[in-house]
Amino acid sequence: MFDDRQPHAAAAGDGAGPSRSSQAELEFRSLLDAAVDAIIVIDHRGRVEQFSLAAERIFGYRAEEVVGCNVDMLMPAPYHAEHDSYIERYNETGEARIIGIGREVRARRKDGTIFPCELAVGQVAQAAPPRFIGFIRDITLRKQAEERLRRSEAELRLAQELANLGNYVIHLDHSEPDYYSPQLHRILGIASMDDAVPLTTLLRLWVHPGDREKLDEAVADLQSTQASCDVEYRIVRTDGVTRHLHHIAQITRDTQGHPLRHVGTIHDVTDRRQGEDEARQLQERLTHFSRLSTMGEMAAGLAHEINQPLSAITMYAQACQRFMRSPNREDDDVMAALEQISAQALRAGEVIRRLRNFVKNREVKREPVDCNRLLDDLRTLAETDARLHNVRLRIEAEPGLPTVYADPIQLQQVVLNLVRNAIDAMSDVPETQREVVLSTHRLPEGEIEVVVADHGSGLAPEATEHLFNPFFTTKAGGTGLGLAISRSIVRAHGGRLWHTPNERMGARFHFTLPVSPAPEGE
Amino acid sequence: MIKEIRPTVFVVDDDAAVRDSLRMLLKSVGLPVEVFESGQEFLDAERDDRPGCLVLDIRMPGMSGLELQGKLNERHSILPIIFITGHGDVPMAVEAMQAGAVDFIQKPFRDQDLLDRINQALEKDAGSRRMLAERNMIRKRLESLTPREREVLDLVVAGKANKVIAGDLNLSQRTVEIHRARVMEKMEAHSLAHLVRMVLEVERAEE
């Protein structure tokens, strides 16, 4: 019966009344055809005896094309070549490799395409020689979905690795296990997340002391009604490595406002920050170096500036001694001299204090700065140089200027640099004409302008071209950094630095700074 | 006769504290002192013909100490100048000395060093002024001579005897003697040697 090459005809009935065996056969056939999985029955030589409807659909063969042929036609290499030997071995040894087990294999359709399938094989009971029934399920779609999932997971992992970005999902309602991406583990330098220590606790434990406040604020934001945070901070890992993290997180809540999930990404921005830090530190070192070298060049003038009050103190003290010895002394003179002694000692101290402030290697700190006060503060240092070269220094301050938001020492550095250039530019000018005028103006565009004007020889056209280039200098002992650094300082403050010819003779150097925003409530 | 004015120490320094401490120091030793904050202020006050000395800061904005010295030299001022110099101003001090400054002193200094220099400068000034006064006196006496008396004087100073002078001027010896006596009287000369010294003193100054 199983040799019948026309099972469908048999199934449809051949007109004769069904016998007992043909009744069973019909039922069997209906069963075969009703199954969703392909069902194929083969004999002990591997020849196909039954090929169900689903099998026709899955393989693209009609049953009559397959029945009687070797089942290996449905298999790609290597099964194709080896299937006969599998059956022979089973027949001889009774050792089953597949029967009753089921596994994933690959099969070949009529059009030659190969597809994945799940194969389960059973042996027909009490049949001799043995016959086998194969159940085949096409798992192409499932495989594709699995492959897509696998690939997208791999891509996500790769993307996270490349971006050094980790993500996590914490199920605050414990509905599902929490998720921490592999890259997150790498960023944090841990093998696996310890469930006993929640992520936020861990981060607060490791955060760099300088950033603790920032992180605490962010966590407070996250847990507040805002339910989100975006913060950058440093952590010191257990291996001692410091990393800069950019952490964005959000807490989702249900309609009653109960927290459901805490999702977030942690981006390791260490390399970028370190690069920025290095560039900034280099710039700051250069700026500081330039201040030091300025002070070095001004040493003679500074010595004079300290000598002045010391000389005065000496003379006042000696005058006091004489007054005290004099029989008809006037105490008013002694008192006046003593007052002056302390005033001059303070004056000398002030010069040293300003000098130290100016050359101190310090963090750049911006604050509201009154440009007029800044010029006044700078006067001592600037006049040091002016006096040495018999130059008058005049300050024309526009009263009532709004403040600018700036680093005062760096601004002093810019002005001092321009003043010293102005003084140097006048070395060939008669002494009575040597004057530097420092002025401040308020511009209509919400800017403050500071101008340093001299009556020197002016700028040669070929010099103006390279004026702001580093290491360009017209002075014998110059570093050529002054103007380049001044311009970069002014630019960093959102301003401009340029020059124009002065009326009649000399040059004017201008720089602008944006007015600091008015405090709230004004 | 010249009116008697006490010699004064003039101080020109742009640094208020240095200026004031110098004033105080000089006051403490009883020296009259006047202070000025710039060379121009001192020139405008026209004190440069007064007896005394000038204590001058070599570095000042506007008119430097050296420039003021140049202007005073143009005015033929004889006021002795002591320059106050800072650290490393030696080349300028040398220039100042070449232009006739009496001395310089480097800041900071011991009061006695400055006072010693000031006393020397005042002595020098007094000496110069005495000499000038004497020259002026001699010139005035010379101006009081008649042309004939002046002729006789010149020949006497040239070492000629009365007889020779009488011959040269075509006068009697007696007349020459009378003129000569008048010259000795007008010039207030004690002796022939004194007369010669006075005339030579004036001539040397006018060369």
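**View 1. Pairing of strands β1 and β2 in chain B of the predicted model.** Strand β1(B) and strand β2 (residues 33-36) of chain B run parallel and are joined by four bridges; strands are DSSP runs of E with at least two residues, helices are runs of H or I with at least four residues, and both are numbered from the N terminus. Two strands pair if DSSP finds at least two bridges between them. Opposite B:Val12 stands B:Phe36 of β2(B). Residues are numbered from 1 along each chain as its sequence is written, and chains are lettered from A in the order in which they are written. Because the model is predicted, local features need pLDDT of at least 70, side-chain atom pairs count only at pLDDT 80 or more, and totals for chains, interfaces and linings use all residues.

**View 2. Strand β1 of chain B beside strand β3.** Strand β3 (residues 52-57) of chain B runs parallel to β1(B), with five bridges between them. B:Leu54 in β3(B) is the bridge partner of B:Phe10. Of the five residues in β1(B) (residues 8-12), four are buried, that is, 20 or more other C-beta atoms, placed from the backbone, lie within 10 Å of the residue's own.

**View 3. The side of chain B that touches chain A.** Contacts (C-beta atoms, placed from the backbone, within 7 Å) link 24 residues of chain B with 28 residues of chain A. Helix α1(B) gives the most to this side of chain B, with nine residues. The predictor gives the complex an ipTM of 0.77 and a pTM of 0.55.

Key. A residue is buried if 20 or more other C-beta atoms lie within 10 Å of its own, exposed if 12 or fewer, and partly exposed in between; C-beta atoms are placed from the backbone. Two residues are in contact if their C-beta atoms, placed from the backbone, lie within 7 Å.
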